[in-house]
Structures are given as C-alpha cells and as structure tokens.
Amino acid sequence: MDCEGQNRTDGGPGQVDWEGLARELLDSGRGMRRGRGVRPKDMEMRGEANALHVLHHYPKGVTPTALARDCQVSSARIAKTINQLEGRGLVRREASPSDRRSVIVHLTDEGEREVQRRFERVNSYVEGVLRELGEDDARELVRLVGRLARIMEGRAECGSPASGERDGADEAR
C-alpha cells in the first residue's frame, strides 16, 4: 500500500462534503443494526459463535491464549466459552505435544458441522438480501465493500489513526 496517498481527496476544497458523507454512511450502518432482530442469530459473531469461527480457521487447534486474543476477549471469558462448547461436544482439549503444560483446543467433528450449518444459514440470509438489491446493485455493493476492506487494511498497515483517534491536536485545545 502506498501510504503517501492515503489522505488523497478527489476534487478541490469545498467540492465534496466528506464529513457529511461519512455521517450518512454511519447513519446507514445504524439503520442496518436496527434490523438486527430480522437476521439470523448465527450472524452474531460474539461468544460461542466467534470462538467456533476462529477455531474453524485453526484446523490443527489453537491455545486458549491465542483463541482469546483472536476473539478479543479475556482469558477468563474464553475459558468459560471453551467449557460451554466442550460441554456441548463442539470442542475438545488436548495436551500440547510440544509442551505438556499447555493445552490445544480443537473443533470436534460435531463442532465443524455446527460451523458449516452457521455458514450456510448466514450465506442464505445474505444471498436473500443481495437478491432484493438486484444483480447490478449487488455486484456494485460487493465491489465497493471489497474496495473498502482493502483501503481499511492499507490504512491499518500504514498506522493511520483508528476511528475516533486524533493526531494529538485535539488534546492541545
């Protein structure tokens, strides 16, 4: 990513109300959140669902510490989540082959089937939303979201301030 061009603007000063567009985009996002009750519970990526999703991407298993980091939760929270998932037969713990004091958490076959069921339900829901948009708008949305993801990844790589962070100028006021 070329970090030099990350603050590039199109057009001259006053031509585009970028702040207004940003507010409009954020307002649209809040509108989508209001529709939460309509979408399947499987789309929530917190707690057990998040842990299952992360574990799916570690076919050889992962330590509870790494799982907590990837789920962005505390070690106490992930311990409780692992216990719940283990009680439902969705994960298993094994001693680490390299360090017997450590454990590795794996999805069980039933856990993998649960992840696949969730993926299928989420995909079906999103497919329905895209069908309502129509082919042209759906393709444009997918293109724009992909582009947005690449821009945000690039900004993260360049160390751009995260949302709400400033360069320190506001603290001087």
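Close-up 1. Phe119 touches His53 and His56, residues up to four places away in sequence being left out; contact means heavy atoms within 4.5 Å. This is a predicted model, in which local features need pLDDT of at least 70, side-chain atom pairs count only at pLDDT 80 or more, and totals for chains, interfaces and linings use all residues. Residues are numbered from 1 along each chain as its sequence is written, and side-chain values use heavy atoms, with hydrogens and water left out. Phe119 is found in helix α5; helices (H or I, at least four residues) and strands (E, at least two) are DSSP runs, numbered from the N terminus. Between Phe119 and His53 there are 66 residues in sequence, and their C-alpha atoms are 9.2 Å apart in space. The relative accessible area of Phe119 is 31%, and the residue is therefore partly exposed. The classes are buried, under 20% relative accessible area, exposed, over 50%, and partly exposed in between, with a 1.4 Å probe and protein chains only.

Close-up 2. With a relative accessibility of 11%, Glu114 counts as buried. Neighbours within four places in sequence aside, Glu114 is in contact with Leu52, Leu90 and Arg121. Glu114 forms a salt bridge with Arg117, and the closest N and O atoms are 2.9 Å apart. The term salt bridge denotes a side-chain nitrogen of Lys or Arg within 4 Å of a carboxyl oxygen of Asp or Glu. Because Glu114 and Arg117 are three residues apart in helix α5, about one helical turn separates them. Arg117 counts as partly exposed, at 30% relative accessibility.

Close-up 3. The side chains of Glu140 and Arg143 meet in a salt bridge, at 2.8 Å from N to O. Both residues belong to helix α6, where Glu140 and Arg143 are three residues apart, about one turn of the helix. An α-helix has 3.6 residues a turn, so residues three or four places apart point the same way. Glu140 is partly exposed, its relative accessible area being 35%, and Arg143 likewise counts as partly exposed, at 42%. Elsewhere, salt bridges that share partners join Glu110, Arg113, Glu114, Arg117, Arg118 and Arg121 into one network. The structure holds 14 salt bridges.

**Close-up 4. The nonpolar core and the residues around Ile78.** The largest nonpolar core has 17 residues, and Leu55, Leu67, Ile78 and Val91 are those with the most contacts inside it. Two or more residues of this core come from each of α2 (47–56), α3 (64–71), α4 (75–87) and β2 (103–107). A nonpolar core is a set of buried Ala, Val, Leu, Ile, Met, Phe, Trp, Tyr and Cys residues joined through side-chain atoms within 4.5 Å. Residues up to four places away in sequence not being counted, Ile78 touches Ala51, Pro64, Leu67, Ala68, Cys71 and Val73.

**Close-up 5. Helix α3, its buried residues and its end.** In α3, the residues Ala66, Leu67, Ala68 and Cys71 are buried. The buried residues of α3 pack against α2 and α4. Arg69 and Asp70 meet through their side chains in a salt bridge, at 3.3 Å from N to O. Arg69 counts as exposed, at 54% relative accessibility, whereas Asp70 is partly exposed, with a relative accessible area of 30%. Gln72 follows α3 and has a positive phi, near 60 degrees.

Close-up 6. Val129, Leu133, Leu141 and Val145 make a nonpolar surface patch of about 300 Å². Patches are made of residues with over 30% relative accessible area and no salt bridge; like charges are joined within 9 Å and nonpolar side chains (Val, Leu, Ile, Met, Phe, Trp, Tyr) within 5 Å. Accessible areas come from the Shrake-Rupley method with a 1.4 Å probe, and for residues only the protein chains shown count as cover. At least two residues of the nonpolar patch are supplied by each of α5 (109–133) and α6 (135–158). Leu133 has its place in helix α5 and is partly exposed, with a relative accessible area of 37%.
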